[in-house]
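User: Hi! Could you walk me through one part of this model in detail, with the cut-offs behind your terms? I'd like one connected account, please.

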Amino acid sequence: MKFDVQLIRDLKARLSTLSNASRRDRILIAVAGPPASGKSTLAEVIAGELTAHGHQVAVVPMDGFHLDNAILEDRDLMSRKGAPETFDATGFLALVKTLKKGGATTYPIFDRANDRTIEAGARLGADVDVVLCEGNYLLLDEPLWRDLATYWDISIWADVPKEVLKERLIERWITHGFDTNSATEKALSNDIPNGIRAIENRMPADLVARN
């Protein structure tokens, strides 16, 4: 992802206004985008910039709320893993409410190598004043997911053309050892539909990062 200087400037300006306001809760920033949009990298870049600017920052990925594979199998959703209905949206919303209030807390993380969630796999300290939540569906305009918008002080959308997403998602599977045909099939059957759903059913963002 190219470093977007103007995006950082705009974000810092908004954040300065929020920080100077009389408030007692924690600042939450949503970094949303379809799979392979570069949102994770963007969140880390922003975290580094805000840390250098004097904030205590943490990045909290949505991935820790993947439903367990056994649940997905039981619901016949294993082939759709990564779609909105394969996440614990209620649990993630509860975490966001907790994060907003401030204070220390733990949260689950996703162990990608073993394809499983680790409960209380990470801890967020009480000194953190800005949390960057990162995930595909943070701006999704569907039941439960749309309730998240109430808690975002700033929302950022990682915008990528659909054709570029397709290329990236196919390449991702190739790097995991699949041949071109198998990688294309996997991307077309699940990842790309998930990405299009995130793009076409999203609520407006405060800021847009194009790459």
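Analyst: Asp115 has its place in the loop between strand S3 (105-111) and strand S4 (116-124); helices (H or I, at least four residues) and strands (E, at least two) are DSSP runs, numbered from the N terminus. Keep in mind that this is a predicted model, where local features need pLDDT of at least 70 and side-chain atom pairs count only at pLDDT 80 or more, while totals for chains, interfaces and linings use all residues. Residues are numbered from 1 along each chain as its sequence is written, and side-chain values use heavy atoms, with hydrogens and water left out.

The phi of Asp115 is near 55°, a positive value in a residue other than glycine. With a relative accessible area of 30%, Asp115 is partly exposed (buried means under 20% relative accessible area, exposed over 50%, partly exposed in between, with a 1.4 Å probe and protein chains only). Asp76 also has a positive phi, near 60°. Asp76 sits in the loop between helix H3 (69-74) and helix H4 (89-101), and at 67% relative accessibility it counts as exposed.

Now to strand S5 (residues 130-135), where six of six residues are buried. In a regular strand, side chains alternate between the two faces of the sheet. Here both faces are covered: Val130, Leu132 and Glu134 are buried on one side, and Val131, Cys133 and Gly135 on the other. Strands count as paired if DSSP finds at least two bridges between them. S1 (residues 27-32) runs parallel to S5, joined by six bridges, and S2 (residues 57-61) is also parallel to S5, with five. Val131 is the bridge partner of Leu28, and Ala58 stands opposite Val131 too.

The aromatic rings come next. The structure holds five aromatic pairs; rings of Phe, Tyr and Trp (its six-membered ring) pair if their centres lie within 6.5 Å, with planes under 30 degrees apart counted as stacked, over 60 as edge-to-face and the rest as tilted. One of them joins Phe87 and Trp145 edge-to-face, 6.3 Å centre to centre with 85° between the planes. Phe87 lies in the loop between H3 and H4 and Trp145 in the loop between S5 and strand S6 (154-159), so the pair ties together parts 58 residues apart in sequence.
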